[in-house]
Amino acid sequence: MNNEKCISLPESILLIMYIGFTDLIGIILIFFGLDDFLILDLITFPVTQFYFRIKGVRSTYDLATNILECIPYLGALPMRTVGLIITIYLANHPTTTEGVKVAKAVKIIK
């Protein structure tokens, strides 16, 4: 069994700081009644997707939350940060992903 993590702790911290900062900017803009007009989405979406593609990580949850962020005023929620954290966790804990696949298969059989 390989205990080496796919995404290291320093990489995780840098990604979460970057995405968390852009989510914070979005929340502050909403408090002033403004919208970012997809500018924050254009800054963060390619960065995370490109990074996960280079690392060979399946980024389904990150992609889903990035698409949800494009909806006006719903994008003010920190969904992008939550999706990033879930993606990093599942990349570093592949046994959890296997459990999800087994649970899905059992549900389909029943």
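Reader: Setting aside neighbours within four places in sequence, which residues is Val57 in contact with?
Author: In this predicted model, Val57 is in contact (heavy atoms within 4.5 Å) with Cys6, Ile7, Phe52, Thr87 and Ala91.

Reader: Which residues make up the largest nonpolar core?
Author: Nine residues do: Ile7, Leu15, Ile19, Tyr51, Phe52, Val57, Leu84, Ile88 and Ala91. A nonpolar core is a set of buried Ala, Val, Leu, Ile, Met, Phe, Trp, Tyr and Cys residues joined through side-chain atoms within 4.5 Å; buried means under 20% relative accessible area, exposed over 50%, and partly exposed in between, with a 1.4 Å probe and protein chains only.

Reader: Which element gives the largest share of this core?
Author: Helix α4 does, with three residues. The elements giving two or more are α1, α2 (39-55) and α4 (79-92). Helices are DSSP runs (H or I, at least four residues), numbered from the N terminus.

Reader: Now Thr65: buried or exposed?
Author: Thr65 is buried, because its relative accessible area is 13%. Thr65 lies in helix α3 (residues 60-68) and, beyond neighbours within four places in sequence, is in contact with Met79, Arg80 and Gly83.

Reader: And where is Ile28?
Author: Ile28 is in helix α1 (residues 9-31) and is partly exposed, at 40% relative accessible area. Its C-alpha is 8.7 Å from that of Ala76, 48 residues apart in sequence.

Reader: What conventions apply to numbering and confidence?
Author: Residues are numbered from 1 along each chain as its sequence is written, and side-chain values use heavy atoms, leaving out hydrogens and water. Local features need pLDDT of at least 70 and side-chain atom pairs count only at pLDDT 80 or more, whereas totals for chains, interfaces and linings use all residues.
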